[in-house]
Structure formats: C-alpha cells, structure tokens
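User: Hi! Could you walk me through this one?
Analyst: Happy to, here it is.

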Amino acid sequence: MSFATQATNVSTTYKNEAQVRTKPQFVYVLELKDGRFAIGQAANACRRIASFNSGLTPGYPQALLVKRIVGIKERSEDRTIISTFKRFADQYGTDRVIAI
C-alpha cells in the first residue's frame with residue numbers, strides 16, 4: 001500500500017443502523033539515529049512520522065530522531081503494536097526497542 005492510498009483507505013462499519021466511517025490503523029517501525037527501534041500506531045502514520053523529525057511533536061526529544069522507516073503495515077488481529085514490539089524485543093533486546 002502506498003503512502004498516497006493510506007490516507008484515503010476508509011472502511012465502513014455499522015453501529016445501531018448509523019453508518020460510521022473509520023480509518024484503518026497502521027503499525028510502524030522506525031530505526032532511530034541512536035540505534036534503537038521505535039514502534040507506534042497511527043491512522044496516518046506518514047504524518048505522525050514526519051512530525052517526529054520536524055520538531056512539532058511535544059515531548060519528543062532530539063535524541064530520538066528517525067534514521068529510517070523500517071516498515072508501515074495495516075494493523076490486523078495478528079499484527080498489533082504489542083505483537084510487533086514483542087517480536088522486535090525478542091530479536092534485538094528490550095533495551096533497543098521503545099513504544100511511542
């Protein structure tokens with residue numbers, strides 16, 4: 001899925017006969033400049049990632065600047081922020097993985 005289609009991909013759910021439009025959530029993994037991995041979730045992962053390096057995210061220290069995007073995938077029952085965090089922590093160690 002490209003970045004352009006991510007923002008327009010909208011699913012429809014029905015609740016009490018009222019149609020509600022919801023955006024899918026995406027799990028993303030970033031490699032930080034200090035060598036750690038940051039894992040997060042957002043409806044618009046591209047905007048969230050861009051805000052980290054722009055300095056527009058309050059409370060996000062300069063030490064955690066993004067080196068590269070490892071991956072962005074749509075959240076599913078099998079792919080959640082928790083399962084992704086666990087997989088990276090098992091592979092790289094808990095001291096090298098943070099949730100943001």
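User: What share of the contacts with a separation of 6 or more comes from residues 24 or more positions apart?
Analyst: Such pairs account for 56% of those contacts in the chain, where contact means heavy atoms within 4.5 Å. Keep in mind that this is a predicted model: local features need pLDDT of at least 70, side-chain atom pairs count only at pLDDT 80 or more, and totals for chains, interfaces and linings use all residues. Residues are numbered from 1 along each chain as its sequence is written, and side-chain values use heavy atoms, with hydrogens and water left out.

User: Thanks! How many helices and strands does the chain have?
Analyst: Three helices and six strands, in the order α-β-β-β-β-α-β-α-β from the N terminus. Both are DSSP runs numbered from the N terminus: helices are H or I with at least four residues, strands are E with at least two.

User: Let's talk pockets. Which residues line the largest pocket?
Analyst: Val27, Val29, Val70, Gly71, Ile72, Lys73, Arg79, Thr84, Arg87 and Phe88 do. Strand E3 (26–32), strand E5 (66–74) and helix H3 (81–92) each give two or more residues to that lining, and E5 gives the most, with four.

User: And how do you define a pocket?
Analyst: On a 1 Å grid over the protein atoms alone, it is an open set of points where a 1.4 Å probe fits, with protein on both sides within 12 Å along at least five of seven lines; lining residues have an atom within 4 Å of a point.

User: How much space lies in it?
Analyst: About 150 Å³, taken as the space filled by probe spheres set on the points, which are joined across faces, edges and corners.

User: Switching to H3, which of its residues are buried?
Analyst: Thr84, Phe88 and Ala89; buried means under 20% relative accessible area, exposed over 50% and partly exposed in between, with a 1.4 Å probe and protein chains only. They cover an arc of only 130° around the axis, so they sit on the same side of H3; the arc is that of the directions from the helix axis to the C-beta atoms.

User: What do they pack against?
Analyst: E3, strand E4 (37–42), E5 and strand E6 (97–99). The face of H3 turned away from them carries the exposed residues Ile82, Arg87 and Asp90.

User: Last one: is phenylalanine 52 buried or exposed?
Analyst: Buried, with a relative accessible area of 6%. Phenylalanine 52 lies in helix H2 (residues 45–54).
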